[in-house]
Amino acid sequence: MTKLGIAIDLERCVGCHTCANACKMQNNVPTGMLWNRVTTEGCDVIDGAVGTYPNLTRTFLPVACQHCENPACQRVCPTGATVKREDGIVTIDKETCIGCKSCMEACPYDARVFDGESNTVDKCTLCAHRIDAGLGTTMCQISCPGRAITVGDIDDPDSDIAKIIAEHETKHILETEGTGPQVYYWNSMGS
């Protein structure tokens, strides 16, 4: 069975925000909202650095929906609008969503946004419309100039993502939350 996930090479991510902008354009995300954002690991400001001058470092950290194995957002949704598909993509049924924001509060990754025009919650769909149409992969992967993003079937040992997970040390953000995130962060230079 297909189980989709994302691997992000933190060494190759240059913090250009192309993934966030490509996602925004592909999905017609309204002004003021992002489904995919790039933060600086360990820093509270965008494009900031960690350390004391002159010994500063920064690692960019793309964050979107983690398409969790055990999504906290799904457990709290009172209408069943949040659904985990068989292929692992976590979706929101906009017709069923009542905009109560329970899922936003439950998501430890701050990956959901409220759309004031439709009064519903939205988030990264892992470009389910592209996957379902047989177009291959997500717009964030296609547009990444550093080729830092790999999307694919984690259960297929011949897929690029399965090879990354098998051959390199990977980590998840907020792994202790018990949600089983399916976004794997790794460093091609450190493994």
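1. Helices (H or I, at least four residues) and strands (E, at least two) are DSSP runs, numbered from the N terminus. The model is predicted, so local features need pLDDT of at least 70 and side-chain atom pairs pLDDT 80 or more, while totals for chains, interfaces and linings use all residues. Residues are numbered from 1 along each chain as its sequence is written, and side-chain values use heavy atoms, leaving out hydrogens and water.

2. Ser159 sits in the loop between β10 (149-153) and α6 (160-167). Ser159 counts as buried because its relative accessibility is 12%; buried means under 20% relative accessible area, exposed over 50% and partly exposed in between (1.4 Å probe, protein chains only). The Ser159 side chain reaches the backbone oxygen of Asp153 at 2.7 Å.

3. In α6, the buried residues are Ile161, Ala162 and Ile164. They line one face of the helix, because seen down the axis of α6 they fall within an arc of 160° (taken from the directions from the helix axis to the C-beta atoms). Asp160, Ala166 and Glu167, on the other side of α6, are exposed.

4. The buried residues of α6 pack against β1, β10, β11 and β12 (contact means heavy atoms within 4.5 Å).

5. Strand β12 (residues 183-186) runs parallel to β1 (residues 4-9), joined by four bridges; two strands pair if DSSP finds at least two bridges between them. Strand β11 (residues 170-171) pairs with β12 in the antiparallel sense over two bridges. Trp186 in β12 stands opposite Asp9 and also opposite Thr170.

6. From β12, Val183 and Tyr185 point one way and Tyr184 and Trp186 the other, and all are buried.

Key:
Polar contact = N/O pair within 3.5 Å; in protein donor to acceptor, adjacent residues only side chain to side chain.
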